[in-house]
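Work through the exercises below with the sequence and the coordinates at hand. Each task is followed by a solution in steps.

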Amino acid sequence: MMRKVHSRLLASTVAVNLAGCFAFRAPMVHRTEVSLRSCSSPSLDLSPKARRSNRFGPARFLCTATSVDSKDEQKQESSVRKRVLSGVQPTGNLHLGNYLGAIRQWVQNQDEYENYFCVVDMHAITAPHVPSELQKSSMDIAALYLASGIDPSKSKVFIQSHVPAHAELCWLLNCVTPMNWMEKMIQYKEKAKKQGESVSIGLFDYPILMAADILLYQAQLVPVGEDQRQHLELARDIARRFNDIYCKKKSMPAKGRRVFREPEALIVKEGARVMSLQDGTSKMSKSDPSDLSRINLLDSPEVIDKKIKKCKTDAASGIEWDNPERPECTNLLNIYKSVSGKSKEDILAEVQHMQWGQFKPLLSEAVIDHLKPIQDKYKDLMEDQSYLKKVLLDGANSADEIAGQTLLWTKTAMGFTSKADLM
């Protein structure tokens with residue numbers, strides 16, 4: 001008989017991107033009695049007795065398998081909302097592209113989704129790094145999440161390595177992923193050329209870690225850019241392969257219930273893509289060797305003004321939108337629109353007859369004014385980190401419960417013995 005369990009709504013979009021974001025289903029109501037019944041996975045025993053037990057950590061509860069027909073699952077789906085997980089690497093500073101293309105949309109959607117935002121520090125070590133800088137950057141990114149408007153009462157913020165299930169599931173997925181799938185990854189080939197002989201197995205393997213990040217949270221939607229679509233397809237392929245191998249036969253431990261969902265791509269809002277200040281055809285990126293190519297969220301007003309003065313423009317007269325021959329012009333107008341809040345029509349009426357020498361100071365002022373509240377709140381958070389640390393600890397504990405549930409299903413399906421089997 002199906003246990004009634006006490007379900008917590010773990011509050012309120014990584015894309016990482018990874019820079020990506022991961023979305024999946026979660027109950028819409030707070031602290032309500034529900035039956036965790038699904039034809040896709042076991043149910044989790046969160047009874048008071050299980051929660052009090054010291055034999056299992058927050059991510060290691062006993063699971064019992066139940067099933068329902070498709071009609072029951074459809075009823076369950078109608079009572080839940082999408083859960084979103086997104087991550088950003090703590091390499092370098094967050095820039096305007098990260099903020100306008102992802103973080104600001106996360107903030108705007110906090111009431112619509114159940115959100116988990118992580119700092120993907122395990123992805124950051126696929127290239128040579130300085131340990132002390134990784135520690136500082138991880139805290140910096142988390143603080144910028146909050147300074148940008150992420151509300152801990154609606155969303156959970158945590159550091160990826162604080163949830164051990166990410167690394168453990170990555171290894172399990174390594175063992176079911178064919179080598180030739182990984183050899184087709186375009187980004188590895190491009191980044192390996194830059195690293196030369198120092199390239200690591202971690203760089204080759206990080207798309208599987210990304211797949212683990214997504215699949216741990218039963219992601220249904222993943223906000224991805226064009227450069228990450230191949231990685232999303234890999235996550236879908238891995239999920240399908242695992243389910244085919246371990247979950248189809250009712251004689252196997254999974255008893256015919258799939259473990260992983262196959263995620264779909266979530267397209268970000270139009271106009272959210274911010275391009276390099278030095279090349280209007282390339283995305284603004286932390287990995288660009290030129291700091292002049294991007295506006296970092298913590299850049300001083302003087303630095304922002306300098307970067308915009310030196311940004312690439314053209315010799316054409318007037319300022320216009322969406323001319324394929326003038327990508328830098330379109331990019332600067334998109335940035336102005338995003339930070340000023342003005343409509344496209346109002347902006348064209350204001351600036352179309354200007355020269356670059358007139359428009360650039362206008363753009364600088366708008367960017368500086370928009371980033372000032374974020375910078376002020378960031379400074380407050382970093383001066384006294386006790387609040388930030390509590391937010392990260394609470395977020396990690398909440399994420400660990402969900403990730404641990406999926407990990408337990410995965411290990412059960414693969415035939416592993418659990419601690420519970422020894423009791």
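Helices (H or I, at least four residues) and strands (E, at least two) are DSSP runs, numbered from the N terminus. This is a predicted model, in which local features need pLDDT of at least 70 and side-chain atom pairs count only at pLDDT 80 or more, while totals for chains, interfaces and linings use all residues. Residues are numbered from 1 along each chain as its sequence is written, and side-chain values use heavy atoms, with hydrogens and water left out.

**Exercise 1. Decide whether each face of strand 8 is buried or exposed.**

Step 1. Set the cut-offs: buried is under 20% relative accessible area, exposed over 50%, partly exposed in between (1.4 Å probe, protein chains only).

Step 2. In a regular strand the side chains alternate between the two faces of the sheet.

Step 3. Glu-114, Tyr-116 and Cys-118 on one side are buried, as are Asn-115, Phe-117 and Val-119 on the other. Six of the six residues of strand 8 (residues 114-119) are buried, so the strand is largely enclosed by the rest of the structure.

**Exercise 2. Describe the setting of Asp-322 and its salt bridge.**

Step 1. Asp-322 is found in the loop between helix 11 (301-309) and helix 12 (327-340). Its phi is positive, about 60°, although Asp-322 is not a glycine.

Step 2. A salt bridge is a side-chain nitrogen of Lys or Arg within 4 Å of a carboxyl oxygen of Asp or Glu. Asp-322 forms one with Lys-344, the closest N and O atoms being 2.8 Å apart. Lys-344 lies in helix 13 (residues 344-351), so the pair ties together parts that are 22 residues apart in sequence.

Step 3. Asp-322 is exposed at 51% relative accessibility, whereas Lys-344 is partly exposed at 30%.
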